[in-house]
Amino acid sequence: MTPQRRWRLVAVAVLLVLVVLLGLALRPAHAAQLALTAGNMTNVSVSDRCTETVAATHGTITGGAATTVRVTGMGEACGGRDLALTLYGQDGAVVTSTTSTLAADATDATTLIVPEYAPASVAGAAVTIGTWGVPASWTYTPPVSSPLATCTVLNDPTGTKTCDVTDVRIESWGYPEPNAYNFYATVTSPSESQDVEWQVTLNLADPAFEVSTALADSNNGVQLAPGWSCSAMPTVELRGRSDTSTQYVGGGSSYTIWMLGRSASEPTSGGSLFNCS
């Protein structure tokens with residue numbers, strides 16, 4: 001290669017390096033001249049936890065099983081949100097679960113219908129309301145071991161008066177709903193005078209009792225004992241009424257309690273005697 005050709009190649013190479021360096025130097029200046037367009041931010045709405053804790057307990061137990069769960073501890077802020085409930089056993093396995101949308105005007109409590117489960121096998125509850133997990137406690141109350149119906153004398157300072165509950169029966173009525181049942185129990189006393197003031201305690205946890213404890217209708221012959229509330233379930237305490245002359249038995253006089261309930265525990269309206277749904 002001649003010296004002239006060699007110098008020509010060197011000059012071309014140097015020129016190429018200068019072009020590359022010049023391009024690198026100019027690039028930031030061109031970038032600074034680029035037009036910038038403001039980006040659009042997506043609006044994200046996050047709901048706060050509507051309650052700090054809730055409590056769950058089983059509904060009516062029949063034959064060791066239940067089909068409802070009562071959840072308390074919510075407020076109006078929880079209204080309209082989805083509530084997901086899972087009951088689990090000692091081994092962590094799911095016992096039963098359900099999801100329900102709370103009413104817009106939700107109050108403190110709601111009763112959820114769930115697939116049949118055994119409350120005695122539940123170790124705890126997991127609850128989510130909206131997008132938040134809410135700490136939940138679980139309460140199990142074993143069925144009361146007592147007769148279906150017992151009678152107590154209220155006006156007996158001497159301890160000589162007695163009363164009995166006889167002719168206890170439950171009959172399918174089929175009206176106004178196919179699962180409507182009538183409960184009957186007759187209150188009597190061997191007293192020679194009609195002077196025995198009575199109170200009957202019903203053990204609704206007894207397997208023989210097919211009527212739901214969620215609510216009950218009755219005629220005006222009975223009333224709930226003073227101080228009784230739904231927290232006393234599954235026992236219900238009934239008394240006679242002075243305004244209907246059903247307060248006393250004895251002297252050949254008796255009184256037959258009548259109560260209408262449902263064969264399934266499900267939230268519903270009504271219940272002139274009590275409504276715990």
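**Cysteine links and strand pairs**

Q: Is Cys 50 buried or exposed, and what about Cys 78?
A: Both come out buried in this predicted model; the label calls for under 20% relative accessible area.

Q: What makes Cys 50 and Cys 78 a disulfide?
A: Their sulfur atoms sit 2.1 Å apart, and the cut-off is within 2.5 Å, so the pair qualifies. The S-S bond has 95° about it, making this link right-handed.

Q: Why can you say that the pair of Cys 50 and Cys 78 ties parts together?
A: Cys 50 is in the loop between α1 (3–32) and β1 (54–58), while Cys 78 is in the loop between β2 (66–72) and β3 (82–88), so the parts being tied are 28 residues apart in sequence.

Q: How do you know that Cys 151 and Cys 163 form a disulfide?
A: Same test: 2.0 Å between the sulfur atoms, against a limit of 2.5 Å, so that's a disulfide. With -110° about the S-S bond, this link is left-handed. Cys 151 belongs to strand β9 (residues 149–153), and Cys 163 to the loop between β9 and β10 (164–172). Both cysteines, Cys 151 and Cys 163, are buried.

Q: Why are β13 and β18 called paired?
A: Pairing takes at least two bridges; β13 (residues 215–218) and β18 (residues 274–275) have 2, so they pair, in the antiparallel sense. Leu 215 has Asn 275 as its bridge partner in β18.

Q: What joins β13 to β17?
A: Again 2 bridges, with the strands running antiparallel. In β17, Leu 260 stands opposite Asp 217.

Conventions. Residues numbered from 1 in each chain as written. Predicted model: local features only at pLDDT ≥ 70, side-chain atom pairs only at ≥ 80, totals over all residues. Heavy atoms only, no water. Helix = DSSP H or I, 4+ residues; strand = E, 2+ residues; numbered from the N terminus. Buried < 20%, exposed > 50% of the residue type's maximum accessible area, 1.4 Å probe, protein only.
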